[in-house]
Amino acid sequence: MDRGKEVVEGSSRSGDPPPSPSRYESQKRRDWNTFRQYMRNQRPPVSLSQCSSNHVLEFLGYLDQFGKTKVHMQGCIFYGDPEPPAPCTCPLRQAWGSLDSLIGRLRAAYEENGGSSETNPFASSTIRVYLREVKECQAKARGIPYKKKKKKSKGDHDDSTSGADFS
């Protein structure tokens, strides 16, 4: 008889290794550990209960040094050019999409590690505003327009997406 068939799906026999975490869960754990290490390295160290949106902003600024996205400064001749023809001295930064994903993972990890949703510094309006500003700044620097999506009522039509040219 094969006793393995008696094991209910989702359960594990004592000798079986636990299922490996998903890529998202692994990344979330790495991000959380990195953030916690950053907070421990502050002078004086900052505990989870003392963490504020200002600490999160400082952490995001710290991460910029490891960025791989060229963000042209307003004085750069390539500012607004999505495909600059030559190199320049503008800084490399963390891309907006990477920061947005990181904040989402850290927001979840904060609450999974005992933080309250009411005091979650990753969910604060300060962080949302910062991310919006980074998105807009990077879009302008690269010449890529991000257009806000308008909410439509039931009867509205958006002729710009129909493909028809009525001019």
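Predicted model: local features only at pLDDT ≥ 70, side-chain atom pairs only at ≥ 80, totals over all residues.
Serine 53 belongs to helix H2, which covers residues 53-63, and, if we set aside residues up to four places away in sequence, serine 53 touches Pro121, Ser124, Thr126 and Ile127.

Staying with H2, its buried residues are Ser53, His55, Val56, Phe59, Leu60 and Leu63. These residues cover an arc of only 155° around the axis, and therefore they sit on the same side of H2. As for what lies over them, the cover of the buried residues of H2 includes H1, H3 and H4.

Leaving out its neighbours within four places in sequence, valine 56 is in contact with Phe35, Cys51, Ile103, Pro121, Phe122 and Ile127. Which residues touch the most other members of the largest nonpolar core? Of the 21 residues in that core, they are Trp32, Phe35, Val56 and Phe122. The elements giving two or more residues to this core are helix H1 (23-40), H2, helix H3 (96-112) and helix H4 (125-142), and of these it is H3 that gives the most, with 6 residues.

Now to H4, which has 18 residues and reaches 26 Å from its first C-alpha to its last, close to the 26 Å expected at 1.5 Å a residue. Its buried residues are Ile127, Leu131, Val134, Gln138, Ala139 and Ala141, and because they cover an arc of only 165° around the axis, they are placed on the same side of H4. Among the elements that cover these buried residues of H4 are H2, strand S2 (92-93) and H3. After H4 comes glycine 143, whose phi is positive, near 70°.

Let me finish with another glycine, in a loop. Is glycine 75 buried or exposed? With a relative accessibility of 74%, glycine 75 counts as exposed, because the cut-off for that class is over 50%. Glycine 75 lies in the loop between strand S1 (69-70) and S2, and, going from C-alpha to C-alpha, glycine 75 and cysteine 90 are 9.6 Å apart in space while being 15 residues apart in sequence.

Technical notes:
Residues numbered from 1 in each chain as written. Heavy atoms only, no water. Helix = DSSP H or I, 4+ residues; strand = E, 2+ residues; numbered from the N terminus. Contact = heavy atoms within 4.5 Å. Core = buried A, V, L, I, M, F, W, Y, C linked by side-chain atoms within 4.5 Å. Buried < 20%, exposed > 50% of the residue type's maximum accessible area, 1.4 Å probe, protein only. Expected span 1.5 Å × (residues − 1). Arc of directions from axis to C-beta.
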